[in-house]
Amino acid sequence: MILPQRRKSRLCSVPVRTLFAPDANLRYAALFHARDHAAEVVRLKARTDERDAAHDFAHPAANGFGVEKNDTTAMRWFSEAARQGLAEAQFALGACFYEGKGVEKDTDKAFYWYRKAAYQELAEAQYFLGMSYYSGLGVEQDNTQAIKWLEKALENGLDGDRAAVARDMIRRID
């Protein structure tokens, strides 16, 4: 969708093109600016063909950024984006099920969504999938699968504390 450069949103003084910008930080800034009109912004955004539109609005709802924190609303938006195949949303949905945020805690469903995101090469999801196999949460315990997914996570750029944990788990299992 191509929008005129100078056109302003009816919601606020933010240019409409900013609400649809490819840069997530710019979109969040626009949402924060339009927080009093968030429902209208969400409605406008959802009308676009962007695959990640729902995901973009789940994070502010989950974290209370620019809108009231609401786990149920975040869950609804993550679900929509996950069904559209967005790996980051699938991972976030898995975390919602794992933690019981906006939904009843369900490790089987958490595993299902982590696996969908992991097959799309999302390192964080691969890490959680490996840890699920290691601990037997949502799946039968399987050290071979745990090592496989933890190694994939490291290959795909997992870093920080989780990378250190993954390396340590691989050493322990071997």
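Residues are numbered from 1 along each chain as its sequence is written, and side-chain values use heavy atoms, with hydrogens and water left out. Since the model is predicted, local features need pLDDT of at least 70 and side-chain atom pairs count only at pLDDT 80 or more, while totals for chains, interfaces and linings use all residues.

Let's start with the aromatics. Rings of Phe, Tyr and Trp (its six-membered ring) pair if their centres lie within 6.5 Å; planes under 30 degrees apart are stacked, over 60 edge-to-face, and the rest tilted. How many aromatic pairs does that rule give? The count comes to 7. One of them is F111 with Y133, edge-to-face, at 5.3 Å centre to centre and 90° between the planes. F111 sits in helix 7 (residues 107-118) and Y133 in helix 8 (residues 123-135), so this pair ties together parts that are 22 residues apart in sequence. Helices here are DSSP runs (H or I, at least four residues), numbered from the N terminus. Both F111 and Y133 are buried, where buried means under 20% relative accessible area, exposed over 50%, and partly exposed in between (1.4 Å probe, protein chains only).

Ring pairs also link F91, Y114, Y127 and F128 into a cluster. Y127 is buried, at a relative accessible area of 7%.

Now, helix 9, residues 143-155. Its 13 residues should span 18 Å, and the end C-alpha atoms are 18 Å apart, which agrees; the expected span is 1.5 Å times one less than the number of residues. Which of its residues are buried? A146, I147, W149, L150 and A153 are buried in helix 9. Their cover includes helix 7, helix 8 and helix 10 (160-173), with contact meaning heavy atoms within 4.5 Å. At the N-terminal end, D142 caps the helix, with a side-chain oxygen 3.0 Å from the backbone nitrogen of T144. After helix 9 comes G157, whose phi is positive, near 100°.

Most residues other than glycine have a negative phi. E121, though, has a positive phi near 70°. Where is E121? E121 is in the loop between helix 7 and helix 8, and is partly exposed, with a relative accessible area of 43%.

Conventions
Helices (H or I, at least four residues) and strands (E, at least two) are DSSP runs, numbered from the N terminus. A polar contact is a pair of N or O atoms within 3.5 Å; within protein, one must be able to donate a hydrogen and the other to accept it, and residues adjacent in sequence count only if both atoms are side-chain atoms.
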